[in-house]
Amino acid sequence: MQYKVNSLSVTPNWTIKKCLELINRTGESTLLVVSINKKLIGTLSDGDIRRAILKNFNLNDKIKKYYQKKPYKVNRELNKNEIFEILTKKQISIIPLVNKENKIIKIYSKKNFLDYKTYPNSVIIMAGGRGLRMRPFTNLFPKAMLPFSNSTIIEEIIKKFRKESFCNFFITTGFKSNILTKYFSSKKKKDIKFSKEKIPLGTIGGVKKIEKQISDVFFLTNCDTLIDLDYKNLIDFHNQSKNFVTIVSALYKKKINYGVCRTDNNDKLKTIEEKPDLSFLINTGFYVMNKKILKKIPKNKYFDTTDLIKNCVKSKIKIGIYPIDITKWTDVGNWEDYKKAEDIL
């Protein structure tokens, strides 16, 4: 993929939110920071942005204090072998080619080399629930088969992963599992394996049954959650951050239409903030996990992902947050959200 120079260029006065939107839109994990006269002065990676969000959680902060001031760059044309070697050795995603004035004239991207590759990471889709909030549809069919975009929601999830070159699927089933397995059997997809729960095992308990079959680092997603992001960037972020669990969280802002009283520890009024915007990180039900974490899941017992996360927090096991714009998250777990998603399509 050959990028236009301006498509990945930002200035120090850009906000965190604006840069995050650009990363989500392009799918590239690094932006190039340029001066007013278009000279290269730094880089801002996906990890830089997300660490800034988690540290201060102010999306309107300027990036000037967060970007890396010593960018890697080259001043001559590179062949494919040289590009690949640099990208691998330096563990970077793009290489800017600059002229004598230090202005960017070309961008080499890791995507040029990875588009053809299939990644080994397992994708586990939890589809064993009864889908009570989606009745009467789920009286007849499993929730994963909800019609969505001329297909079904679970097929859209799988299609997105395949597009990103992840093709190692496990679907945990329970309620009306025969309908779901027969539906996929008719399509003869060899990259999908099924694991049936004889009793309900919660939102992660069923993963214990396939522990020996899955990759060391794997995706876990609900069957009613569609996330629009670069999954390879997410895996890289998880590994580089040395997380045991990474939670994909949607940035949600809520305006309070009243004056909010801010107090100190002694309940003494400090200030009144008129109609503030509050920001939250919403759990989307989409995770990257290390297989070692499955040791904390009991066998053949009901166990939710939230139970696992609480145990990890209690044991001080590292859990990371991967923030995304809320527009990148489609949730069809209830009729209200399903209708909203339908209206967008």
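A polar contact, as I use the term here, is a pair of N or O atoms within 3.5 Å; within protein, one must be able to donate a hydrogen and the other to accept it, and residues adjacent in sequence count only if both atoms are side-chain atoms.

**Ground rules.** I am working on a predicted model, where local features need pLDDT of at least 70, side-chain atom pairs count only at pLDDT 80 or more, and totals for chains, interfaces and linings use all residues. Residues are numbered from 1 along each chain as its sequence is written, and side-chain values use heavy atoms, with hydrogens and water left out.

**Aspartate 61.** I started in the loop between helix H2 (46-56) and helix H3 (80-90), where aspartate 61 lies. Helices here are DSSP runs of H or I with at least four residues, strands are E runs of at least two, and numbering goes from the N terminus. Which side chain of opposite charge is nearest to aspartate 61? I found lysine 65, 4.6 Å away. Lys and Arg count as positive and Asp and Glu as negative, while His and the chain ends are not counted. Buried means under 20% relative accessible area, exposed over 50%, and partly exposed in between (1.4 Å probe, protein chains only). The aspartate 61 side chain does make a polar contact of 3.4 Å with that of tyrosine 66.

**Helix H7.** Next I looked at residues 231-240, which form H7; 8 of its 10 residues are buried. Among them are Lys232, Asp236 and His238. At the N-terminal end, aspartate 230 is the cap, with a side-chain oxygen 3.0 Å from the backbone nitrogen of lysine 232. Just past the helix, I noted a positive phi of about 55° at lysine 242.

**Strand S11.** This strand (residues 217-222) is largely enclosed by the rest of the structure, because 5 of its 6 residues are buried. Two strands pair if DSSP finds at least two bridges between them. S11 runs parallel to S6 (residues 123-127), with 4 bridges, and methionine 126 stands opposite asparagine 222. With S16 (residues 277-290), S11 is antiparallel over 5 bridges; there, threonine 221 has phenylalanine 286 as its bridge partner.

S2 (residues 30-34) pairs antiparallel with S3 over 5 bridges, and valine 33 stands opposite glycine 42.

Notes. Salt bridge = Lys/Arg side-chain N within 4 Å of Asp/Glu carboxyl O.
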